[in-house]
Amino acid sequence: MSRTHTRHRRSRTLFLAALATVLATTGGTALAVGDSPGGTAAAQAAAARVDNPYAGAKPYVNPEWSAKAAAEPGGDAIADQPTGVWLDRIAAIEGAGDSMGLRDHLDEALQQGAGVIQLVIYNLPGRDCAALASNGELGPTEIGKYQTDYIDPIAAILADAKYANLRIVTTVEIDSLPNLVTNTGGRPTATPQCDVMKANGNYVKGVGYALRKLGAVPNVYNYVDAGHHGWIGWDDNFAASAQVMHQAATADGGSVDNVHGFITNTANYSALKESNFKIGDTVNGRSVRESTWVDWNRSVDELSFAQSFRGQLVSTGFRSDIGMLIDTSRNGWGGAARPAGPGPTTDVNTYVEGGRNDRRIHIGNWCNQSGAGLGERPTTAPETGIDAYVWIKPPGESDGSSKEIPNDEGKGFDRMCDPTYEGNPRNGFNPSGALPDAPISGKWFSAQFQELLNNAYPAL
Ligand code: BGC
């Protein structure tokens, strides 16, 4: 554990001591940070939650994923790891076909004696507006259906008293809010679908509704999706994204008290740590920020981004005790291609290219990345400000099909999943770096699972 980490824990202890004094002097009413005496229901629920839901809690292992992993050669090594349960359509609540529904997972969690379960809330109207691979079942205007047929039934199940001792981590609407910032308006990366979702406000309304409804359940811990450093790490997106998240959290009378934290890198491949160069490094007087790879980003890796974005969120109005999660399911970048040390100091580009752990062709690539490996195993409180490293994207499940495949889930064919594609403005017109022969998103992709095992970092 690092020195800074110890300092962080100490200040939390001091904070708790101060809170105890406040409680003693206010007759026991918990006051949330920045809240007024009397408080709201959301503030009281927030105060009743533990600081880190992962601390001291046995995580739930999804038996469906676990069985697929264990059936793969070498898969036993990770089959007992906790992964996210994706509620990616209305039918997933009851359980589509013979797959487990939400109650089945929660009951199984009780059976396992688990203390924490991780759910993914993922069914917004007009879902995945800058890509096609995870388009969903609800059209851009179907906000009413999202609320009554998706969020309400989930909230009702989670509120069942028999689950009251289970900490329920919800990661809320992957890839939605950052799209409103980076892929709209006059930007070269804008898409008509994202412009529609910005104009009709249904991402903001939907996320706001989900946070309010789920946040009313005292043992639910909401973590809002916050993209990754290769998406909102630039000056023109960083503060603006935090603002949209705040707008969503406070929409229609909502409160920041419903937000326990944020998650970065969900289902993405951004390296946790670039161990061979730092943001402050210079080569021949030129900053690494000037390199083609970093391209003026403020962060060179996911850990430093998650920590600095946490600070931005707090200064935008979120609670000062929010914690971050980082999805490390597939950002390991080990194996033979991992650099042994820093690149040559000929110039910033040789230095960064030779040293970077993230071996993607371009940081905007996101679909079934060739060469990727499993990242850090799920870990509680690994670094300052980070509640956990988590595996929300279940390793072995595809990001999207490499060619058009008819399906009844609303999933489209995105050429970013086609290995022969030459790119678009969102990946600087580079090849997609995707593996061939991939099934539609969410389906088992054995070849990718094998690559993830082989290129795991830390190695298995
Ligand atoms: C898909 C979901 C799937 C999830 C986890 C997403 O890309 O759209 O259907 O459940 O990945 O694999």
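Two strands count as paired if DSSP finds at least two bridges between them. On that basis, this predicted model holds an open sheet of eight strands, with mixed pairing. The strand order is β1-β2-β3-β4-β5-β8-β10-β9. The edge strands, β1 and β9, each pair on one side only. Neighbouring strands are turned by 30° against each other on average, direction ignored.

| Element | Residues |
|---|---|
| Strand β9 | 379–383 |
| Strand β10 | 386–390 |

Now a helix pair. Helices α9 (residues 202–215) and α11 (residues 235–249) pack with axes 7 Å apart, at an angle of about 60°. That angle makes α9 oblique to α11. From α9, the contact uses Val 204, Val 207, Gly 208 and Leu 211. From α11 come Val 244, Gln 247, Ala 248 and Ala 249. Six of the contact residues are nonpolar, two are polar and none is charged.

Lastly, a loop residue. Gly 412 lies in the loop between β10 and α14 (446–454). Leaving aside residues up to four places away in sequence, Gly 412 touches Leu 132, Ala 133, Asn 135 and Ser 401. Ser 441 is 29 residues from Gly 412 along the chain, and their C-alpha atoms are separated by 9.3 Å.

Conventions:
Residues are numbered from 1 along each chain as its sequence is written. This is a predicted model: local features need pLDDT of at least 70, side-chain atom pairs count only at pLDDT 80 or more; totals for chains, interfaces and linings use all residues. Side-chain values use heavy atoms; hydrogens and water are left out. Axes are lines fitted to C-alpha atoms, for helices over the stretch in contact, and angles run from 0 to 180 degrees between N-to-C directions. Helices (H or I, at least four residues) and strands (E, at least two) are DSSP runs, numbered from the N terminus. Angles under 35 degrees count as roughly parallel, over 145 as roughly antiparallel, 65 to 115 as roughly perpendicular and the rest as oblique. Contact means heavy atoms within 4.5 Å. Ala, Val, Leu, Ile, Met, Phe, Trp, Tyr, Cys and Pro count as nonpolar, Asp, Glu, Lys and Arg as charged, and the others, Gly among them, as polar.
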